[in-house]
Amino acid sequence: MSEIFIAEDFLSLLLEILQALAPIFVIFIIFQIFVLKLPKSSFLNILKGFLLTYIGLVLFLYGVQIGFMPVGKYIGEVIGASPHRWILIPIGFLLGFIVTIVEPAVRILCAQVDQVSSGFIKEKTMLYTLSIGVAAAVALAMAKTVFGISLIYILIPGYLIAFILAFIAGPLFASIAFDSGGVATGPMTVTFILSISIGAATIMEERDTILHGFGLVSIVALAPIIAVLVFGIIYQKKGGNLGRRN
Amino acid sequence: MLSRLKKLSQEILVTIGPIILIVTILQFSIIKMPWMVYYKFLIGSVMVMAGLTILLYGLRIGLIPMGEMIGSALSNKGSVTLVLFLGFLIGFAVTIAEPDVIVLSSHVDFVSNGDIGKLILVISIGIGVGLFILIAFLRIILRIPIIYILIVGYLTILVLSFFSNPNYIPVSFDAGGVTTGPVTVPFILALGLGFAFVLGSKSKTSDSFGLIGLASIGPIITVLILGVIYR
């Protein structure tokens, strides 16, 4: 048990999350005194929400610290040290697909596009395309670590494509697309998948851990942007011009 | 309340379950990590699931209604300057509480042996988001099309990346990706809605879109600037 629960780590986490929540809490108190002036019961309800947010954050981050981060790194190190390090690429693809298809925020985005295109772009079509897109992005990010490709060579063409598509797709789809960059980078991407690429970059001597381990999140964020824009363009070419009206 | 909690925990089980399954398959096939590491992973997974459930529930009864109330309070009596200032302040405050931001910063702190410190990274990311929420609001007032701000933003990033410490480049782009999470998104949207009310007829529905996209440019720029300073 002593290996699982390290009191020192836990205490520093308790303090850290207290610091993280303090500013927004102070803003709330100031608003409560000068502007909101909520009755006692609603005030207490929000305080309860803050307390639960605090407990939830501590549990989540401690679980990530003892579970997801070390195991992700371990997997990356074992595969990265083996002669078959390319296995990271299909594993990345699989993880990217699964993490995206189950992510609630992704479903909300797909429903939103379905709605904006008046049902022309089906929620399911969008969901599967996006999941494959993110899977490809994670695979590409793993390939970047395995082969030591510089992040810039992936991001510059990626964003160039995104901007060209954004001009064709028009302002409404451009806004939705750039907003959607974050939806695919849910809690599992940073805690688990990124740990794998960091682990792999650590173990490969010819790779710099920071230069080749990080960058995965930004590649993943490009996938939904491009996917939404492509769907926006298809919609306008074949489905009508509703997207341009706003 | 109970049915809500039940639905939340089911949603989270569906999100985390597949990861547990994959790690378990890997454990029995090619990875074979020490059992202690695997057990810690299982215990950690339970904590992650419980933590996420409690966190999301807490946000729904605490921070989200608070964001909506502040948003509508602004729509009643807020001046434009006040809203701009609050946009910055609240953007900063919610970002530093975002779990993904904290996790990314721990990764960076650990890998760089503290060269790129956790606290300074979290603060830079927070300032970046706050600044770009302010810019996003200004854009709505001045009616500048979002695509121009995006282009100027990304050009700034391109230029800064030539002068920045190379180690900060991947970190900065990842920082841009982690700012949009369960804590920030609902809050920023509620704030944006309140701001749209302050502006009244000058604002269009499509203005509420684009706020999140702009919010993720800010941290890339501030972290790159950090890299210019610590070159």
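Helices here are DSSP runs of H or I with at least four residues, while strands are runs of E with at least two, numbered from the N terminus.

Which residues make the contact? Among them are B:Leu5, B:Leu8 and B:Ile12 of α1(B), with B:Tyr38, B:Phe41 and B:Val48 of α2(B). Two residues are in contact if their C-beta atoms, placed from the backbone, lie within 7 Å. The contact comprises 14 nonpolar, 4 polar and no charged residues. Ala, Val, Leu, Ile, Met, Phe, Trp, Tyr, Cys and Pro count as nonpolar, Asp, Glu, Lys and Arg as charged, and the others, Gly among them, as polar.

I turn now to a second pair. α7(B) packs against helix α11, residues 217–229 of chain B, at about 20°, with the axes 9 Å apart. That angle makes α7(B) roughly parallel to α11(B). α7(B) passes α11(B) in a left-handed crossing. Contributors to the contact include B:Ile157 and B:Leu160 of α7(B) and B:Ile221 and B:Leu224 of α11(B). Its residues divide into 9 nonpolar, 3 polar and no charged.

Next, the two chains together. How many residues of chain B are in contact with chain A? There are 74, and they meet 73 residues of chain A. α2(B) supplies the largest share of this side of chain B, 18 residues. By type, the side has 52 nonpolar, 18 polar and 4 charged residues.

Finally, confidence. pLDDT, the predictor's confidence in each residue, runs from 0 to 100. Chain B averages 88, and 95% of the residues score at least 70. For the complex, the predictor gives an ipTM of 0.91 and a pTM of 0.91.

Residues are numbered from 1 along each chain as its sequence is written, and chains are lettered from A and ligands numbered from 1 in the order in which they are written. In this predicted model, local features need pLDDT of at least 70, side-chain atom pairs count only at pLDDT 80 or more, and totals for chains, interfaces and linings use all residues.

Definitions and conventions: Axes are lines fitted to C-alpha atoms, for helices over the stretch in contact, and angles run from 0 to 180 degrees between N-to-C directions. Angles under 35 degrees count as roughly parallel, over 145 as roughly antiparallel, 65 to 115 as roughly perpendicular and the rest as oblique. A crossing is left-handed if the near helix is turned anticlockwise from the far one by less than a right angle, and right-handed if clockwise.
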